[in-house]
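Please look at the sequence and model below with the aromatic side chains in mind. Where do their rings meet?

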Amino acid sequence: MEFLNAIVALLNFVVIPATSYGAQLALGALGVTLIYGILRFSNFAHGDTMAFGTAMVILVTWAFQSVGIHFGPLPTALLALPFGIAITAALVLFTDKAVYRFYRRQKAAPVILVIVSMGVMFIMNGVTRFIIGVGEIRFDDGGRFIVNANEFKKATGLAEGLAFRSTQGLTILTAVIVVAALFWFLNRTRTGKSMRAYSDNEDLALLSGINPERVVAVTWVIAAGLAVIAGTLYGLDKSFKAFNYFQLLLPIFASAIVGGLGNPLGAIAGGFLIAFSEVGFTYAWKKVATYVLPESLAPDGLAQLLSTDYKFAVSFAILVTVLLFKPTGLFKGKAV
């Protein structure tokens, strides 16, 4: 019985939260890796693209709620999601036309585009804060739990209750659907194959008649869609605050680089590796240890390797380690 309680506690505080968080990081890292693989620069504005897109989803959600439109047990934000994606896609296409296209035509070095993207990042961050404010916003409505802790305890007789929130289940399910759709698009459609060809060999792709501007536009739209979906799921699961997405840029880039920057499969693997590392290193293991160890060996303290305040330090440490010893990442992306 104690062993079962330990498993439930582990599911509650490590496995389920890390899986949900990993799905969010994976979707964000996919957007980063697409931009790097096709447009050949690291887009530092991706975190604030997530923030802007989520802000648009929140505004549309509020508009729906004000006229009595809801989505039953599911969050109303899902109805607002296509509108947020459309607005964000329009913004990034405008940004590309107004800013990035000039440097692309000048064949500017990737580091120049990185610096330009940092300027775009600060502007988008300011615009997002101006539009929706700087406070914390909770916009998750609908059903709260798939599995309720008290009901689980009554049904099983265990001391630990399993809590599986609706937003966590929605995050995992949505990530699976989006990733499957993206890989189908890249491998089965003509446009997707054009994007892969352009990424592998730009000159040969141009000689084959591929329209580079179309490839660039589609890449930005897909990256915007991934950013808005990832940002909305993160906001539903936790809460929305514009600055949090600026901080989220570190674990997202760590996910993309650890997996192999430019490799979509690596971005997914990296997202889950970073998520489980952050949660595992910052979780207080005392409860689990108390269940599985004899009373004489049970820890007196929290048995916590790092405070939750240092969770991003875990991402940073993993990122530095990978850059030092395997810069192409676990799945051999392009060296950074």
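## Basis of the model

This is a predicted model, in which local features need pLDDT of at least 70 and side-chain atom pairs count only at pLDDT 80 or more, while totals for chains, interfaces and linings use all residues. Residues are numbered from 1 along each chain as its sequence is written, and side-chain values use heavy atoms, with hydrogens and water left out.

## Aromatic pairs between distant parts

A search of the whole structure finds 11 aromatic pairs (ring centres of Phe, Tyr or Trp, the last by its six-membered ring, within 6.5 Å; stacked with planes under 30 degrees apart, edge-to-face over 60, tilted for the rest). Phe 41 and Trp 220 form a tilted pair, with 6.3 Å from centre to centre and 50° between the planes. Because Phe 41 lies in the loop between helix H1 (2–39) and helix H2 (46–66) and Trp 220 in helix H9 (residues 212–237), this pair ties together parts that are 179 residues apart in sequence (helices being DSSP runs of H or I with at least four residues, numbered from the N terminus). Both Phe 41 and Trp 220 are buried (under 20% relative accessible area with a 1.4 Å probe and protein chains only; exposed is over 50%, partly exposed in between).

The rings of Phe 44 and Phe 253 are also tilted, since their centres are 5.1 Å apart and their planes at 35°. Phe 44 lies in the loop between H1 and H2 and Phe 253 in helix H11 (residues 249–259), 209 residues apart. Phe 44 is partly exposed at 28% relative accessible area, whereas Phe 253 is buried at 8%.

## Cluster and charge

Phe 13, Tyr 283 and Trp 285 form one aromatic cluster. Lys 311 lies over the face of Tyr 21, at 5.1 Å from the ring centre (NZ of Lys or CZ of Arg within 6 Å of the centre and within 35 degrees of the ring normal).

Notes. Helices (H or I, at least four residues) and strands (E, at least two) are DSSP runs, numbered from the N terminus.
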